Number of protein chains: 2
Amino acid sequence: MFTLAEENYLKAIFHLENDYGAGVSTNAIADKMDTRASSVTDMIQKLADKKVISYQKYKGASLTKKGKSIAVNIIRKHRLWEVFLVEKLDFQWDEVHEIAEQLEHIKSDELIQRLDLFLEYPDFDPHGDPIPDRNGYIKPTEKKLLSKLKKNQRGICVGVKESSATFLQYLDTRKIGIGSSITVIDKEEFDQSMTILVSNKQFFITKKIAENLYLKTI
Amino acid sequence: MFTLAEENYLKAIFHLENDYGAGVSTNAIADKMDTRASSVTDMIQKLADKKVISYQKYKGASLTKKGKSIAVNIIRKHRLWEVFLVEKLDFQWDEVHEIAEQLEHIKSDELIQRLDLFLEYPDFDPHGDPIPDRNGYIKPTEKKLLSKLKKNQRGICVGVKESSATFLQYLDTRKIGIGSSITVIDKEEFDQSMTILVSNKQFFITKKIAENLYLKTI
DNA sequence: TTTATTTTTTAGCCTTATCTAAATTTAAAG
DNA sequence: CTTTAAATTTAGATAAGGCTAAAAAATAAA
């Protein structure tokens, strides 16, 4: 059995490996978890002892098969609870992350199986992230960052990369959400800012925004 | 903010005060929490510092107003989650306690308010225990232990005192549940055992069973 | 290829929540 | 009213998870 802290480390390492490739640095973990490098060193040694990561001093950490399976299960729980909060309890998509961070650590396989059934086996969470199935399988989805699109290209928003409340609220005020059709009207070479069209309105967005919106191009 | 351990102590003290009157002993707490008296002494000193219990050395502990309010809120959460598990996720009444023990510590007032609404403001949990309202008010219910009834008296089962899986499964096999009509056919002076009638079947039950079933007499 | 800088690890300390063993206080019994 | 027993508290340890400061290793720069 794994502690809360251990579970959170595994989750962080999983996300970091996903985003930046295998072998994550001590500092990257410390950064993500808002803790100190020395604390990370301690914990990854413990996790290596438990065979959930492979780790050599000074060489960074990688999840083992077992570690990845634990991490994916936590992510599955997190995303299922988010669906529950939005679909059943009528929370907004920017309000659910913190609560799901707590709920994801509840230990009961039966609970999650029944919750999954109750929610009718959803494929995506409210932010467009795929929900791993019971075996940890994550259906691959072809999605592209808005920032990769060129002038005049078009797509449907299928997810957000960052899901902080501030970013999601920014999107809300512009009526951008999962399912929105987005067209790149213009793109500035200099700073990668864009003018986009969303439901007949034009918006100016910075590079940072474009790098946090996932589209499915049409 | 209170830690998991602190919350569990407050809950235990609340239940003990409820069952045996104000001022609970160190040993009683240790017993209930399956820990050592010395650990209890440490913790109740911490809780006293935080003004959630009043405590004098060697004299036992009592919840303050603040401590009681925290305890009742945890119990409210526990019972609401139990209703959710049984009503929405189709768990059996003997399967929900352990999961609710975890869920009761999730911190979000908004969550509980919305859960309460989603469940349509239930008054009782699956074991017949009353659910405190948002202000901590517990509706007083007139219920009586089956063991207090005399020969030929009758009542409707409205709750169970103990809610361990083994006891609940014992009741299940005899088709005794919330709502069951129970009549005392005979009562043995010597050992307080009883013969009872439940849906046209007679059962022999020990004192211990009778002391864990709450009835509303008619 | 040395030197400087950054990254990572080690060493030592703190807090929370436990424990055992010993000491102390209260309650019970003779 | 002592003595014994039971209950409670104190003292000292331990394990988890975190921190700071210093040491060591790896990387980058000169």
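The following questions and answers concern a predicted model of two protein chains with DNA strands C and D.

Reader: Which conventions apply to the numbering and to the values?

Author: Residues are numbered from 1 along each chain as its sequence is written, while chains are lettered from A and ligands numbered from 1 in the order in which they are written. Side-chain values use heavy atoms, with hydrogens and water left out, and because this is a predicted model, local features need pLDDT of at least 70 and side-chain atom pairs pLDDT 80 or more, whereas totals for chains, interfaces and linings use all residues.

Reader: How many helices and strands does chain A have?

Author: Helices (H or I, at least four residues) and strands (E, at least two) are DSSP runs, numbered from the N terminus. On that basis chain A has eight helices and eight strands.

Reader: What radius of gyration does chain A have?

Author: The C-alpha trace of chain A spans about 55 × 45 × 25 Å along its principal axes. The radius of gyration is taken over C-alpha atoms, and the globule rule is 2.2 Å times the number of residues to the power 0.38. For 218 residues a compact globule would come near 17 Å, and the value for chain A agrees with this, at 19 Å.

Reader: What share of the contacts in chain A with a separation of 6 or more comes from residues 24 or more positions apart?

Author: Buried means under 20% relative accessible area, exposed over 50%, and partly exposed in between (1.4 Å probe, protein chains only); 46% of the 218 residues of chain A count as buried. Contact means heavy atoms within 4.5 Å. Among contacts in chain A with a separation of 6 or more, the share from residues 24 or more positions apart is 61%.

Reader: Which C-alpha of chain A is nearest the axis that relates the copies?

Author: Copies are superposed by least squares on the C-alpha atoms of residues with pLDDT of at least 70 in both. At 3.8 Å from the axis, the nearest C-alpha in chain A is that of A:L103.

Reader: Which element gives the most to the surface near DNA strand C?

Author: A residue is near a strand if one of its heavy atoms lies within 4 Å of it. There are 21 residues around DNA strand C, of which A:Y55, A:K57, B:T3, B:T35 and B:S39 come nearest. By class the surface has seven nonpolar, 10 polar and four charged residues, where Ala, Val, Leu, Ile, Met, Phe, Trp, Tyr, Cys and Pro count as nonpolar, Asp, Glu, Lys and Arg as charged, and the others, Gly among them, as polar. With five residues, the element that gives the most is α3(B).

Reader: Which residue has a side-chain N or O atom 2.4 Å from a phosphate oxygen of DNA strand C?

Author: A polar contact is a pair of N or O atoms within 3.5 Å; within protein, one must be able to donate a hydrogen and the other to accept it, and residues adjacent in sequence count only if both atoms are side-chain atoms. Backbone atoms come 2.8 Å from a phosphate oxygen at A:Y58 and 3.2 Å at B:R36. The side-chain atom at 2.4 Å belongs to B:S39.

Reader: Which residue has a side-chain N or O atom 2.9 Å from a base oxygen of DNA strand D?

Author: Around DNA strand D, the nearest of 21 residues are A:T3, A:T35, A:S39, B:Y55 and B:K57, and sugar and phosphate account for 80% of its atoms within 4 Å of the protein. Phosphate oxygens lie 3.4 Å from a side-chain N or O atom of A:Y9 and 2.5 Å from a polar side-chain atom of A:S39. The residue at 2.9 Å from a base oxygen is A:S38.

Reader: Is B:E104 buried or exposed?

Author: B:E104 is found in the loop between α5 (97-103) and α6 (109-118) of chain B. Beyond four places in sequence it touches B:N8, B:K11, B:I74, B:K77, B:H78 and B:W81, and its side chain makes a polar contact of 3.0 Å with that of B:H105. With a relative accessibility of 0%, B:E104 counts as buried.
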